[in-house]
Amino acid sequence: MPLAASGATAQGTFVTHPAEKDPYKYQAGFGNSFASEALPGTLPYAQNSPQKNKYDLYTEGMTGASFVAPRAENLHAWLYRIRPSVAHQGFTRLPDNPDLESCFLPLNPKVHTSPTQLAWHPFDLPPDSAKVDFVDGLKTIAGNGDPTLREGLAIHMYLANTSMERKAFCNTDGDMLILPQQGRLDIQTEFGKLMVRSGELCVIQRGMKFKVVLPDGPSRGYIQEIYGSHYVLPELGPLGGHGLANARDFESPIASFDLDQNPWKIVYKVCGQLHSCAQEHTPFDVVAWHGNYVPYKYATEKFVNVGSISKDHIDPSIFCVLTAKSKQPGVPLADFLIFSPRWDVASGTFRPPYYHRNSSTEFMGLLYGVYGGRSDGFQPGGASYETGFCPHGVSYEVFKAATEAELVPQRVSEGTIAFMFESSMMFTITDYAMNRSGKLHMHEPKMWDSLQGQFMNHIAEVNADLKAAGLPELGSELKQ
């Protein structure tokens, strides 16, 4: 029997209204210290841990940072629940998922390196004959580091056709940024419920229990998991106080709880291993909570694009929705970027991405629409990868058209949301992605064969200019 709050949140907190495809209410804001109760008066007044809670609820604290972290980085939540998490029947090690990886160090024989671009056709959903839920359907593609080092990341696909029933998942390794591509995810968390569709992102932070129901049937999507860090909004610098992803557009759940006292299974991911914990009650029995360590979602269509309105390109950081810090100051562990509908108006400028070699590693996916500049096989549900300093850019045909086109204002990426997981770290690629998925295809290097040295057609013109400037002509040293 689910019970939900009806606007019973801290005074002054804005609560959204349900929509046709999303029946839930949310509190608005990013990084806020929220408060929510599903039954009036269940949040303790002016303290966190009273001697006795209303209705004999149990107090349970959760921290997402060191106890002594600076106030701006200190993450915590207080939960008031029917039964505490400690009321369980012990843990059992589960068999390894051969497609789930957590150690990306090159010494691991199950991961590979690639000096060149890679791409994957859309990953297949499970066959109807097999029941695969969100947890069982996790497939790791690439990553860096190891969760025991508390720095690094993993990129997964989830491929599922079955809702989780009396089963929940708790990832103790890192935060998970989840991007549905096909089918909505109805996500129940200890803090309340989130409905997440294609075009929205959801972040479930480390240590939070959640369950995934598939209201639209089989579902596919992308996940970025980060170790030892949390997502924050990027600094805006000269943009000032507004732009890119605005804090007010992020949404967190309101308190909701179940009365289920039947057996439940909680799957914990610990150092990449899966363990099962049995308990005789639902994990979703939190009647009230407060704090700033919460799950949240964001609709990427709300992103406020900025760019050049005169000439040349602005660096791709202008597309950054969320960032996660590394241990090196000023160097992000991971940036989450999106490429969405916007105007391109730059004058006298080569408008496609210029040929470049970046220190960053790039992993791209497509939620919906059509995105040019990648391989022909870049489709929703597929992926593209480029390691750091791997040269990339458009084909000769696109280059030629861009150098000759009339530069009028134009809309780009109409009806499209593409994204990039960008990292300062080097990735290794899993054996599943390289050998077992059946979806790998290489970027065809012949697409650049026509990028010939056209400079050579201008030698006579160059020599005339050099002579006029009183400088030696090209090849003059060979004539002596």
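The questions and answers below walk through a predicted model, from its annotated sites to its aromatic pairs and nonpolar cores.

Visitor: Which residues does the UniProt annotation "binding site" cover, and what is the largest C-alpha distance among them?
Guide: The annotation comes from an unreviewed UniProt entry, and it covers H356, E362 and H392. Although these residues are spread over 37 residues of sequence, they cluster in space, for their largest C-alpha distance is 12.3 Å.

Visitor: Where is H356 placed, and is H356 buried or exposed?
Guide: H356 sits in the loop between β27, which covers 342–344, and β28, which covers 361–368. A residue counts as buried when its relative accessible area is under 20%. H356 has a relative accessibility of 16%, and therefore H356 counts as buried.

Visitor: With which side chain does the side chain of H392 make a polar contact?
Guide: H392 is found in the loop between β29 (383–386) and α1 (396–404), and because its relative accessible area is 7%, H392 is buried. Leaving aside neighbours within four places in sequence, H392 is in contact with Q117, Y354, Y355, H356, E362 and E386. One of these contacts involves a polar pair at 2.8 Å, in which the partner is the side chain of H356.

Visitor: Which residue does UniProt list for "active site", and is that residue buried, partly exposed or exposed?
Guide: The unreviewed UniProt entry lists H313, and H313 is placed in the loop between β24 (296–299) and β25 (320–325). Partly exposed describes the range between the buried limit of 20% and the exposed limit of 50%. The relative accessible area of H313 is 33%, and so H313 is partly exposed.

Visitor: How many aromatic pairs does a search of the whole structure find, and why is the pair of W264 and F284 given its particular class?
Guide: The search finds 24 aromatic pairs. In the pair of W264 and F284, the ring centres are 5.7 Å apart and the planes stand at 80 degrees. Planes over 60 degrees apart count as edge-to-face, so the pair of W264 and F284 is edge-to-face.

Visitor: How far apart in sequence are the parts that W264 and F284 tie together?
Guide: Both W264 and F284 are buried. W264 lies in strand β21 (residues 264–270), whereas F284 lies in the loop between β22 (273–279) and β23 (286–291), so the pair ties together parts whose separation in sequence is 20 residues.

Visitor: How many residues does the largest nonpolar core have, and which of them have the most contacts inside it?
Guide: Strand β23 gives the most to this core, with four residues. Apart from this core lies another, of 43 residues, among them F123, I141, L177 and Y385. The largest core has 46 residues, and those with the most contacts inside it are F134, F169 and I187.

Methods. Residues numbered from 1 in each chain as written. Predicted model: local features only at pLDDT ≥ 70, side-chain atom pairs only at ≥ 80, totals over all residues. Heavy atoms only, no water. UniProt positions renumbered as here; feature names shortened; annotations may be inferred. Helix = DSSP H or I, 4+ residues; strand = E, 2+ residues; numbered from the N terminus. Buried < 20%, exposed > 50% of the residue type's maximum accessible area, 1.4 Å probe, protein only. Contact = heavy atoms within 4.5 Å. Polar contact = N/O pair within 3.5 Å; in protein donor to acceptor, adjacent residues only side chain to side chain. Phe/Tyr/Trp six-rings, centres within 6.5 Å; stacked < 30°, edge-to-face > 60°. Core = buried A, V, L, I, M, F, W, Y, C linked by side-chain atoms within 4.5 Å.
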